Amino acid sequence: MTVLAVTATERAEFLTFVPLALLSVAAAVGMVLSRNAVYSALLLVVNFFCLAGFYVLLEAQFIAVVQVIVYAGAIMVLFLFVLMLLGVGSEDVLKETIRGQRAAAAVLGLLLLGAVGAALASGGFGSGSGSLAAANQGGNVQAIGRLLFTRYVFAFEAVGMLLVVAAVGALVLGKRRA
Amino acid sequence: MKVGTNAYLALSALLFTIGVVGVLIRRNAIVVFMCIELMLNAVNLSFIAFARSAGTLNGQILAFFVMVVAAAEVVVGLGILVAIFRKRASTSVDDVNLLKG
């Protein structure tokens, strides 16, 4: 058995991964199935926090913090704000517009999962886990910053432009015609 | 007991599938949006798992850009939703059928 060979770090990763994975899947399923859209939003926040935990496990500390601040913070506040603005009372209609849509969706979902699972099971990616110890030397934030402002500086500027356009677009969309 | 890249990829695939099924079965446009966010996050998870497996930070940078684009997308999408709600007083995706043939 390889159980005896695992190091303390690997055991810690395993013991963190399993509960977080269960919690994140449960939160995602609950989000899809919940009738109330506010519950959906709150369960999505739980899921985002779990993902931040995975990012820490995967040696992506900067992305983990950004995940909590941007996703669980800013984006979900925006979602809840719009939810409250448009009225929570508008519950989902139970009537299916297309007959058998739910069953078809479940079948398609299982097919998709089967396809991706088959790709994974074919062993294309191996079961090993690399290490970012060399790349993260001197700090994850520093390393990401260095990459962002050298190799990816054009993408960084383009994405800044995109954010400006999105902000102006939201302003135009939200403006009430006089 | 070792958590390899495959475990993260399998979890990512599972979350992505849940998001797809959510988009297909939910009628509330805001919840459909949340399911899209779930899918984007599932992809981010696989990006970051691949980054560790490859030993470089490029995957993390890509995940960062995905987050920025997702933020822009949410801002515009919710703006459109509010504009539609003003006209139709509903957030159900079935009510927006003007282009239906």
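1. In this predicted model, the largest nonpolar core has 71 residues, and those with the most contacts inside it are A:Phe54, A:Tyr55, A:Phe79 and B:Tyr8. The elements giving two or more residues to this core are helices H1 (8–33), H2 (37–57), H3 (61–85) and H5 (140–148) of chain A, together with helices H1 (5–25), H2 (29–54) and H3 (58–88) of chain B. H3(B) gives the most, with 13 residues.

2. Leaving aside neighbours within four places in sequence, A:Phe54 is in contact with residues of both chains, including A:Phe17, A:Leu20, B:Tyr8 and B:Leu45.

3. In one of them, the rings of A:Phe17 and A:Phe54 have their centres 5.5 Å apart and their planes at 50°, so the pair is tilted; A:Phe17 belongs to helix H1 of chain A and A:Phe54 to helix H2 of chain A, 37 residues apart. Both A:Phe17 and A:Phe54 are buried.

4. The rings of A:Phe62 and B:Phe64 are likewise tilted, with centres 5.8 Å apart and planes at 45°, and the pair joins two chains because A:Phe62 lies in helix H3 of chain A and B:Phe64 in helix H3 of chain B. A:Phe62 is partly exposed at 22% relative accessibility, whereas B:Phe64 is buried at 14%. A:Phe62 and B:Phe64 form one aromatic cluster with A:Tyr152 and B:Phe65.

5. Over all chains the count comes to one salt bridge, in which the side chains of A:Glu13 and B:Arg52 meet at 3.2 Å, N to O. The pair crosses between chains, from helix H1 of chain A to helix H2 of chain B. A:Glu13 counts as buried at 11% relative accessibility, and B:Arg52 is buried with a relative accessible area of 4%.

Terms used:
Residues numbered from 1 in each chain as written. Chains lettered and ligands numbered in written order. Predicted model: local features only at pLDDT ≥ 70, side-chain atom pairs only at ≥ 80, totals over all residues. Heavy atoms only, no water. Core = buried A, V, L, I, M, F, W, Y, C linked by side-chain atoms within 4.5 Å. Buried < 20%, exposed > 50% of the residue type's maximum accessible area, 1.4 Å probe, protein only. Helix = DSSP H or I, 4+ residues; strand = E, 2+ residues; numbered from the N terminus. Contact = heavy atoms within 4.5 Å. Salt bridge = Lys/Arg side-chain N within 4 Å of Asp/Glu carboxyl O. Phe/Tyr/Trp six-rings, centres within 6.5 Å; stacked < 30°, edge-to-face > 60°.
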